[in-house]
Amino acid sequence: MHTLTVSGLALDRARALSTLLEETVDPAPLAVTLLSENEADTLWRLEALYDTPPADSALESAIAGAEWTLDALPERDWVAESLKDLKPVAAGRFFVHGHHDRDKRPAGRIGIEIEAGLAFGTGHHATTLGCLLALDAILKRETPAPALDVGCGSGVLALAYARATKYPVIASDIDPVAVEQTVENARINGVGALVRARHATGLDDAVIRGAGPYGLIMANILARPLAALAGDMAALLGPGGHLVLSGLTVDQEAQVLGPYRALGLALRTRYRIDRWATLVLAG
């Protein structure tokens, strides 16, 4: 793991650089954070986490003159350490928690037990929270099926769907660690027989394609792959189906919506939490 730090930025410049790093410079960061450096909020620091960082020449070109450093992190499970003390999260009917908070689930809520690990998705990030709120709202009106969770991470969205509906769901991820963790989390939550985890790049998988068309597709990934997958997503979405898209900032909404609208899908609802957006579309 490596951390890129860029200091002394105006807020507009910091936001623009964040978008540039996420959408243009390869490989993309795992996460980007903007932090204020003074009380007046006139100077900001950008921190980007990379598994494998871009070449120095690519960073120098993108950052264009600002002071920056790229530091290697010690080999530790940073994700688990950062998540181990997180509190439970309530999102509509769903209550996401660690094993030590099982007894805190309120009556009438659906508990989803997720342990800190290397796969994304504990309910604490605004994008996961937005997806859970969107899923809760959809399930109040209907029970769309079959369902697909693209870029499942920890499997939290697939688990939420399976726990709430008792219907099967396919969960896929490009990361084999995420697939393994989804299988384990499904077992822990008593829906191992309902959640079918697949190691796949996007929707390029015979099982995923064969199970469509879908009544619900959820994808909490990043803006660029969301836009790139628009054609495949639309092709696999059944009549009256729902798309729940997240992993994008508010500033990236137009970039993601454009390709889907061009295919005849319409925005039904949006959730904005902090600077993150979750979009709900339908045909």
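Select Glu-47 to begin: leaving aside neighbours within four places in sequence, Glu-47 is in contact (heavy atoms within 4.5 Å) with Leu-4, Thr-5, Ala-31, Val-32, Thr-33 and Leu-35. Before going further, note that this is a predicted model, in which local features need pLDDT of at least 70 and side-chain atom pairs count only at pLDDT 80 or more, while totals for chains, interfaces and linings use all residues. Residues are numbered from 1 along each chain as its sequence is written, and side-chain values use heavy atoms, with hydrogens and water left out.

Colour the model by pLDDT, the predictor's confidence in each residue on a scale from 0 to 100. The mean for the protein is 90, and 93% of its residues reach 70 or more. Among the elements of the protein, which are DSSP runs numbered from the N terminus (helices H or I of at least four residues, strands E of at least two), helix α3 (residues 78-83) has the lowest mean pLDDT, 50, whereas strand β8 (residues 147-150) has the highest, 98.

Return to Glu-47, which is found in strand β3 and, at 25% relative accessibility, counts as partly exposed; on this scale buried means under 20% relative accessible area, exposed over 50% and partly exposed in between, with a 1.4 Å probe and protein chains only. Opposite Glu-47 stands Thr-5, a residue of strand β1 that is buried, with a relative accessible area of 16%. Apart from neighbours within four places in sequence, Thr-5 is in contact with Arg-45, Leu-46, Glu-47, Glu-67, Trp-68 and Thr-69.

In the antiparallel pair of β1 and β3, six bridges join the two strands.

Within α2 (residues 56-63), select Leu-59, Ala-62 and Ile-63, which are buried. Looking down the axis of α2, you will find that its buried residues fall within an arc of 90° and so line one face of the helix, the arc being that of the directions from the helix axis to the C-beta atoms. These buried residues pack against β1 (2-9), α1 (11-23), β3 (44-50) and β4 (68-72). On the other side of α2, Ser-57 and Ser-61 are exposed, and just after the helix Ala-64 takes a positive phi of about 50°.

Finish at the annotated positions. An unreviewed UniProt entry places the feature "binding site" at Thr-128, Gly-151, Asp-173 and Asn-220; UniProt positions are given in the numbering used here, feature names are shortened, and annotations may be inferred rather than shown by experiment. Thr-128 lies in helix α4 (residues 126-141) and is buried, with a relative accessible area of 1%. Asn-220, found in strand β11 (residues 214-220), is also buried, at 9%.

Note on methods:
Pairing = 2+ DSSP bridges.
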